[in-house]
Amino acid sequence: MEIWNQDETELADANRSMFREALLSYRLLFGQNFDSRSLFRSREEKRASSDGYIDHLLVRLCGSSKDISTLTDDDTFYEQAFYDSVIDFPHYGPRLEVLQ
């Protein structure tokens, strides 16, 4: 039983890490500077006007300069001026480095 709980905890930690990294990747690529936020907002407004659906989380991540640390209970979810691909993006780091 203890092994099952340990595996379950490790899985929950891995899922939490992947979720955090996915959200932070969206923020890094599409919302962390003024130009990317402006581009996102203009394209998202066009898309939303055509199908009538607004993804409020995506708008918050990519279209706003507001602090994103309040999106989760995880206190490690914050944006930085510089990231370490190994530490901050253990899953997506190599892919993000290619974009750099």
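**View 1. The largest pocket of this predicted model has a volume of about 310 Å³.** Welcome to the first stop on our tour. Rolling a probe the size of a water molecule over the atoms shows where empty space is left. Which residues line the largest pocket? They are Leu28, Leu29, Ala81, Phe82, Tyr83, Asp84, Ser85, Phe89, Leu96, Glu97, Leu99 and Gln100.

**View 2. Helix H1 (2–30) and helix H5 (93–99) are the elements that each give two or more residues to the lining of the largest pocket.** Which element gives the largest share of this lining? That is H5, with three residues.

**View 3. The lining of the largest pocket brings together nonpolar, polar and charged residues.** You can look for Phe82 and Asp84 here, as both are among the lining residues.

**View 4. The protein has five helices and zero strands.** If you follow the chain from the N terminus, the elements read α-α-α-α-α. Now consider contacts between residues at least 6 apart in sequence: 62% of them join residues at least 24 apart.

**View 5. The accessible surface of the protein comes to about 7500 Å².** Carbon and sulfur atoms account for 58% of this surface. What percentage of the residues count as buried? The protein has 100 residues, and 23% of them are buried.

Notes
Residues are numbered from 1 along each chain as its sequence is written. This is a predicted model: local features need pLDDT of at least 70, side-chain atom pairs count only at pLDDT 80 or more; totals for chains, interfaces and linings use all residues. Side-chain values use heavy atoms; hydrogens and water are left out. Helices (H or I, at least four residues) and strands (E, at least two) are DSSP runs, numbered from the N terminus. Buried means under 20% relative accessible area, exposed over 50%, partly exposed in between (1.4 Å probe, protein chains only). Contact means heavy atoms within 4.5 Å. Accessible areas come from the Shrake-Rupley method with a 1.4 Å probe; for residues, only the protein chains shown count as cover. On a 1 Å grid over the protein atoms alone, a cavity is a set of points where a 1.4 Å probe fits but cannot get out, and a pocket is an open set with protein on both sides within 12 Å along at least five of seven lines; lining residues have an atom within 4 Å of a point. Grid points are joined across faces, edges and corners, and a volume is the space filled by probe spheres set on the points. Ala, Val, Leu, Ile, Met, Phe, Trp, Tyr, Cys and Pro count as nonpolar, Asp, Glu, Lys and Arg as charged, and the others, Gly among them, as polar.
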